[in-house]
Each structure stands twice: as structure tokens, then as C-alpha cells.
Amino acid sequence: MEVESKSERFRVPKTSFQENVLVNDAVPASTKYKNKWAVTIFGEWQRLRGVQVPVLDCGGLFKDYDLHKVTALSADIARMDAPLLNYWLSKLVMEVAKKFGGRYPPKTVYGIICVLKRYLEEKNGSEALNPLDASDKRFVLFQCCLDAEMKDGVREGLHIKCKKEEKEFVSEQEEATF
């Protein structure tokens, strides 16, 4: 039941249901799909990863890291603090792979992280951590790992494999026959 507006200048207020539908429909279906896909990848990696606790490897990347601040991988990503996200996202970008093996192209790895960042923003609002913020030094190890992983993928030629095949040149004579 619509309530009449007292002015022609303003529309009738929307119901909470209408507001929710409007906001939900503003997100493209492809974005919803990518969000679900990337969060599912993180969840599967989290569930299937063999070592669920942080490990101090002598001479490893995290040798000087405060591992006592990092808990097991079982925490929900939306509830992770900066040390947890820094450590576990670093491990994720170095371990993530396609469903049936093989590495993702660098652009896809970066896309997964971007979607996880968006997920954190949706869940935590203004309190969300941004692991891609270069000015936030709490994520410097993660950013180094992401950068190194992407450069390694480029060296292996993974960025080339994801490009579409170029179309074959058609001469004017062939064009005329069509």
C-alpha cells in the first residue's frame, strides 16, 4: 500500500524490502558470481590446507615475524586481524591453484585478492582492513608475496595463456567471397 507524497517534488518513501531489492540489484550478476567464487576458493583452501598453524621456517620469509600473534587458519576471514591476514593471504597467493591443478594467471590471482578485499569491506564496513593498501605497512610481507607471485607467473608465461587467440587476417578477396 503506497502512501501519497505531500509534494510532487518528492517520491513516496520506499519500503525496507524495496530498498533491499534496489541495492541488491545494483550489484551486477558477474560481480556476485566472482565474489562467491573467490570466497569459495579461500574457504576451500582454508579447509583443505594441510598445515593449519603458522610455521616458523629458519631463513624463511616469516623468520622475523611475530608468529605468536598469528592463530590457526580456522578463523573466518572477515574476523581476521592484520597479522592474521598478512600471514595467511601470503600463503594463499603462493598456494592457490586451479581446481584440477595448474597455476592461475597473475591477473586472476590479483583478482581473487581484490574480491576478498571487497568481501572484507562488505562484512566489516568502515572497519575493513585493506591488504592492498601500500601505505599500510602491516601488509608489507603479503604485498611482497603477491608481487613476487605475479612476476613469477609472468616469467612462466601464464599471462600470455589467458589472452584470447588473435583473429586470422581476412584478405579483401576472401571478404568479397563471403
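## Helix α4

In this predicted model, α4 is followed by Gly125, whose phi is positive, near 60°. Helices here are DSSP runs of H or I with at least four residues, strands are runs of E with at least two, and both are numbered from the N terminus. α4 itself has 19 residues and reaches 27 Å from its first C-alpha to its last. That is close to the 27 Å expected at 1.5 Å a residue, where the expected span is 1.5 Å times one less than the number of residues.

The buried residues of α4 are Pro106, Val109, Ile112, Ile113, Val115, Leu116, Lys117, Tyr119 and Leu120. Buried means under 20% relative accessible area, exposed means over 50%, and partly exposed lies in between, with a 1.4 Å probe and protein chains only. Cys114 is partly exposed, at a relative accessible area of 27%.

## Basis of the model

Residues are numbered from 1 along each chain as its sequence is written, and side-chain values use heavy atoms, with hydrogens and water left out. Because this is a predicted model, local features need pLDDT of at least 70 and side-chain atom pairs count only at pLDDT 80 or more, while totals for chains, interfaces and linings use all residues.

## Overall make-up

The protein chain has seven helices and zero strands. Of its 178 residues, 30% are buried. Among the contacts with a separation of 6 or more, 58% are between residues 24 or more positions apart; a contact means heavy atoms within 4.5 Å.

α5 has 16 residues and spans 22 Å from its first C-alpha to its last, close to the 22 Å expected at 1.5 Å a residue. Leu141, Phe142, Gln143, Cys145, Leu146, Glu149 and Gly153 are buried in α5. Gly157 follows α5 and has a positive phi, near 85°.

The axes of α4 and α5 are 8 Å apart, and the two helices pack at an angle of about 155°. Axes are lines fitted to C-alpha atoms, for helices over the stretch in contact, and angles run from 0 to 180 degrees between N-to-C directions. α4 and α5 are therefore roughly antiparallel to each other. Angles over 145 degrees count as roughly antiparallel, under 35 as roughly parallel, 65 to 115 as roughly perpendicular, and the rest as oblique. On the α4 side the residues that meet α5 are Pro106, Val109, Tyr110 and Ile113. Their partners in α5 are Phe142, Leu146, Met150, Gly153 and Val154.

## Helix α3

Helix α3 covers residues 82–95, which makes 14 residues. Its span from first to last C-alpha is 20 Å, close to the 20 Å expected at 1.5 Å a residue. Asp81 caps the N-terminal end of α3, with a side-chain oxygen 3.2 Å from the backbone nitrogen of Leu84. A polar contact is a pair of N or O atoms within 3.5 Å; within protein, one must be able to donate a hydrogen and the other to accept it, and residues adjacent in sequence count only if both atoms are side-chain atoms.

α3 is mostly covered, with eleven of its 14 residues buried. Among them are Tyr87, Trp88 and Lys91. The cover over the buried residues includes α2 (29–48), α4 (106–124) and α5 (140–155). The axes of α3 and α5 come within 8 Å and cross at roughly 10°. α3 and α5 are therefore roughly parallel to each other. This contact is made by Asn86, Leu89, Ser90, Val93 and Met94 of α3 with Val140, Leu141, Phe142, Cys145, Leu146 and Glu149 of α5.

Gly43 has its place in helix α2 and is partly exposed, with a relative accessible area of 27%. Gly43 and Ile77 are 34 residues apart in sequence and 8.7 Å apart in space, C-alpha to C-alpha.

Gln46 also lies in helix α2. At 15% relative accessibility, Gln46 counts as buried. A polar atom of the Gln46 side chain lies 2.5 Å from the backbone oxygen of Leu73. Not counting residues up to four places away in sequence, Gln46 touches Gln52, Leu73, Ser74, Ala75 and Met80.

## Cysteines

The structure holds zero disulfides, a disulfide being a pair of cysteine sulfur atoms within 2.5 Å. For Cys144, which is in no disulfide, the nearest cysteine sulfur is that of Cys145, 7.0 Å away. Cys144 is partly exposed, with a relative accessible area of 45%.
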